[in-house]
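Subject: Structure handover

Hi,

Here is the structure I promised to pass on to you.

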Amino acid sequence: MDTTEGIVIREHRGVFDVETRHGIFACALRSRMKKALIYPERDNQHHSVEQVGRIAAVNPVAIGDRVRFVEDQGETGAIEEVLPRRSKLSRLAPGKRRMEQIMIANADYLVVVFSVRDPNPNLQLLDRLLVAAEAGNLAPVVCLNKVDLAEDGDPDLAGIYERCGYRVIPASAVTGKGVDLLKATLRNRISAIAGPSGAGKTSLLNAMQPGLGLRVREVNRTTGRGRHTTTYLAAHKLDAGGLVIDSPGIREFSLWDVSPRELPELFPEMRGHLSGCRFHDCTHVHEPDCTLRDALSAGAVSRERYESYVALRNELAGGR
């Protein structure tokens, strides 16, 4: 049976829009694919997977997946196969059963957008997304939006993350600062944009390409939280070239398939301070003669990032 190959750009109520050379096809899943797929674990460039076995994904198809489908009458089809992924952004799926939720597949960059104010940035959530990007083989970019609202005395977030080795883009959808740089970063790439509600992801997309038609809402003045504008994942073509995947606002994010032992390797600035500890199984939390804690005392690792590491490690070790 002949199949057609394309990329999933949108999903709504179980129907996947698949873009091909011949146009966009609305595709359903074959019944055998509606059950959770099982994917073998594999190593990535930063760390080796310690657990042995196979892991279950709650969603068989993600935005950005390359798929093969059989065409039906008209511009419809049935997805037969998901091709191997080169990168992914995953999290622990909500619910009692421990399963993977694949949010985005095959992106080159994960642009993590947080506002410097209104709402104030949750740095531990930011660090979770950066760790997930490293674990999923995506190149992370930190976009600090609403810099026009920054005040004297605010923490130097750009400096903190630049010293960690991340690419940082200070931006303002209001003044236009950083918009051209962000557009150049996304040009001719498949990129994903993620962050909390109210951080200004949609405003930045509209500033980069007027006419995308994406809605914008203000931050809720009572709760201080952002209001959701993007309600589902979707990929948008950029006039300058490339594809950007916009995601709904994220308020909680639990890591998937990261062990406490491999966690510090996913903090780029910590990788050079993990050998030489007195204990070979050092947790880098409380043991004496720990090279990472020595680096913290010397200012080579920021206190904010180290606190994120400790909180994440405790969570992964079951110490919630």
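Below is what I found, sorted by topic.

First, the ground rules: this is a predicted model, in which local features need pLDDT of at least 70 and side-chain atom pairs count only at pLDDT 80 or more, while totals for chains, interfaces and linings use all residues. Residues are numbered from 1 along each chain as its sequence is written, and side-chain values use heavy atoms, with hydrogens and water left out.

Let me begin with the strands (DSSP runs of E, at least two residues; helices are runs of H or I, at least four residues; both are numbered from the N terminus). Two strands count as paired if DSSP finds at least two bridges between them. Strand β6 (residues 66-71) runs antiparallel to β7, with 5 bridges joining them. Within that pairing, arginine 68 stands opposite glutamate 81 in β7. The two strands make a hairpin with 4 residues between them, and glycine 74 in the turn has a positive phi of about 75°. β7 also pairs with β3, this time in the parallel sense, over 4 bridges; there, isoleucine 79 in β7 is the bridge partner of leucine 29.

Next come the salt bridges (a side-chain nitrogen of Lys or Arg within 4 Å of a carboxyl oxygen of Asp or Glu). The whole structure has 16 of them. One joins glutamate 80 to arginine 30, with the closest N and O atoms 2.6 Å apart. This pair links distant parts of the chain, 50 residues apart: glutamate 80 is in strand β7 (residues 76-82), and arginine 30 is in the loop between β3 (23-29) and β4 (37-40). For burial, I used relative accessible area with a 1.4 Å probe and protein chains only: buried is under 20%, exposed is over 50%, and partly exposed is in between. Arginine 30 is partly exposed, at 29%.

Aspartate 127 meets arginine 305 at 2.8 Å, N to O. Because aspartate 127 lies in α1 (residues 123-135) and arginine 305 in α6 (residues 303-316), the pair ties together parts that are 178 residues apart in sequence. Aspartate 127 is buried at 0% relative accessibility, and arginine 305 is buried at 1%. Arginine 128 and glutamate 315 meet at 2.5 Å, N to O. This pair, from α1 and α6, ties together parts 187 residues apart in sequence, and both residues are buried.

What about the aromatic pairs? Rings of Phe, Tyr and Trp (its six-membered ring) pair if their centres lie within 6.5 Å; planes under 30 degrees apart are stacked, over 60 edge-to-face, and the rest tilted. The search of the whole structure gave 4 such pairs. Tyrosine 161 and tyrosine 166 form a tilted one, with ring centres 6.2 Å apart and planes at 45°; both tyrosines are buried. Phenylalanine 267 and tyrosine 309 are edge-to-face, with centres 6.0 Å apart and planes at 85°. Both of these residues are buried too, and Phe267, Tyr306 and Tyr309 form one aromatic cluster.

Finally, helix α3 (residues 179-186) has Val179, Leu182, Thr185 and Leu186 as its buried residues. Just after α3, asparagine 188 takes a positive phi of about 60°.

Enjoy exploring!

Best wishes
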